[in-house]
Amino acid sequence: MSGDDSAAATQYLPPVAGGGPVGGAPVPPHPYQPPLGGAPAQGERPPPSEFDGLFRASAASAAASGPGHVPPPRAPHVAPPQPAPVSPPPRRKLPTAAIVGIVVAGCAVAGLAAGALLSGGGGDEKKDTPQNAAVSSETPGDAPKGDDGGKKEPSASADPADPAVAQAKALDALLKDSNNSRDAVIKAVDSTRSCKDLDKSASDLRDAAKQRDGLVTRLQKTAIDKLPNSAELSAQLTKAWQSSSSADSHYAAWAGEVGGKHGCVKGHARPSGESAAGDRASGDATAAKKAAADLWNPIAKKYGLSQHSWAQL
């Protein structure tokens with residue numbers, strides 16, 4: 001291509017400003033500054049008047065300050081003063097006498113606690129076993145078996161020269177012997193009802209009757225007039241032993257009847273008038289023994305002697 005042709009081809013291209021962007025596009029002015037020519041370029045929106053005044057005022061203040069003007073430094077931030085800490089009031093010391101008193105009281109409490117532990121720790125507790133329940137008669141299966149003896153209470157302080165003390169001890173010995181034949185009587189009556197050992201049963205019952213008669217005789221020879229309610233006590237004991245003797249005699253006679261012809265029916269003794277009389281006498285003996293026991297036991301407690309249930313008389 002010739003030089004004329006090149007010139008002709010490029011004459012329609014827009015001029016390129018120095019340092020401008022490629023393609024000949026004009027450089028837009030700063031959005032906050034007017035273009036160099038003093039007027040906005042064609043097709044551009046002029047900046048708002050507010051911005052123009054703002055930047056003009058900034059330029060004027062900068063010029064007035066002069067070159068090299070540095071704005072004054074900002075004062076450092078100072079924290080407000082904090083209140084000074086309040087120290088707690090000094091602790092009051094206890095007087096020496098108070099400290100000694102506290103220590104002594106603590107030692108006393110510790111000693112009491114140790115004593116309570118030592119006193120309540122060991123040892124077996126003794127429990128009183130209730131005596132056998134009372135029954136209505138001396139017949140087998142009703143009265144308790146065995147000779148348990150009487151229950152003793154601590155002896156009360158009494159004058160040894162008091163005649164009541166000697167009388168109470170003498171009657172106590174008699175009452176202890178009153179229970180000697182009880183087991184034999186119970187066994188003999190049981191055997192008679194079952195048609196067993198009838199001869200031996202009759203013999204044991206007669207011996208028991210004699211023993212009860214002997215108790216009555218001994219009681220008549222024992223002075224108990226110094227004891228409380230001595231007359232009533234003597235009467236109840238006499239009735240009890242006489243009724244027991246009568247019951248033993250009737251049961252012995254019944255054993256003889258059972259051993260005879262038609263005395264047993266299928267292994268059981270046939271009731272008779274003797275057995276009925278023995279039951280009545282046994283009931284009378286029981287009532288008298290209960291009354292005698294109620295009179296004797298307060299005396300026994302007073303003098304520290306053996307107490308007896310009615311079944312042990």
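# A tour by selection

Select R218 and D177: they form a salt bridge, with the closest N and O atoms 3.1 Å apart. This pair links distant parts of the chain, since R218 sits in helix α6 and D177 in helix α4, 41 residues apart. Keep in mind that this is a predicted model. Now colour by accessibility. R218 is partly exposed, at a relative accessible area of 38%. D177 is partly exposed too, at 27%.

**Stop two: the other salt bridges**

How many salt bridges does the count come to? It comes to 3. Side chains of opposite charge can pair when their charged atoms come close.

Stay in helix α6 and select K200 and D204. Their salt bridge has its closest N and O atoms 2.9 Å apart. Both residues lie in α6, 4 residues apart, which is about one turn of the helix. D204 is partly exposed, with a relative accessible area of 22%.

Next, move to helix α4, residues 163–177. Select D172 and K176. Their side chains meet in a salt bridge, 3.6 Å from N to O. D172 and K176 are 4 residues apart in α4, so about one helical turn separates them. An α-helix has 3.6 residues a turn, so residues three or four places apart point the same way.

Is D172 buried or exposed? D172 is buried, with a relative accessible area of 7%.

**Stop three: around D172**

Keep D172 selected and show its contacts. Leaving out residues up to four places away in sequence, D172 touches W296, L305, S306 and H308. The C-alpha atoms of D172 and I299 are separated by 9.9 Å, while the two residues are 127 apart along the chain.

**Stop four: helix α8**

Select residues 273–303. This is helix α8, with 31 residues. From first C-alpha to last, α8 reaches 45 Å, close to the 45 Å expected at 1.5 Å a residue. Where does α8 bend? Zoom in on W296: the helix bends there by about 25°. A proline, P298, follows within four residues. W296 is also one of the residues that D172 touches. Step past the end of the helix to G304, which follows α8 and has a positive phi, near 70°.

**Stop five: helix α5**

Select residues 182–193. Helix α5 has 12 residues and reaches 17 Å from its first C-alpha to its last, close to the 16 Å expected. Show the side chains of its buried residues: R182, V185, I186, A188, V189, S191 and T192. What do these buried residues pack against? Their partners are α6 (198–221), α7 (230–258) and β3 (268–269). Show those three elements beside α5.

Step just past α5 to C195, where phi is positive, about 60°. C195 and C264 form a disulfide, with their sulfur atoms 1.8 Å apart. C195 lies in the loop between α5 and α6, and C264 in strand β2 (residues 264–265), so the pair ties together parts 69 residues apart in sequence. A disulfide is a covalent bond between the sulfur atoms of two cysteines. The count here comes to 1 disulfide.

Look along the S-S bond. The angle about it is -120°, and the link of C195 and C264 is left-handed. Finish by checking accessibility at both ends. C195 counts as partly exposed, at 22% relative accessibility. C264 counts as partly exposed as well, at 31%.

How values were computed
Residues are numbered from 1 along each chain as its sequence is written. This is a predicted model: local features need pLDDT of at least 70, side-chain atom pairs count only at pLDDT 80 or more; totals for chains, interfaces and linings use all residues. Side-chain values use heavy atoms; hydrogens and water are left out. Helices (H or I, at least four residues) and strands (E, at least two) are DSSP runs, numbered from the N terminus. The expected span of a helix is 1.5 Å times one less than its number of residues. Buried means under 20% relative accessible area, exposed over 50%, partly exposed in between (1.4 Å probe, protein chains only). Contact means heavy atoms within 4.5 Å. A disulfide is a pair of cysteine sulfur atoms within 2.5 Å. The bend at a residue is the angle between axes fitted to the seven residues ending there and the seven starting there. A salt bridge is a side-chain nitrogen of Lys or Arg within 4 Å of a carboxyl oxygen of Asp or Glu.
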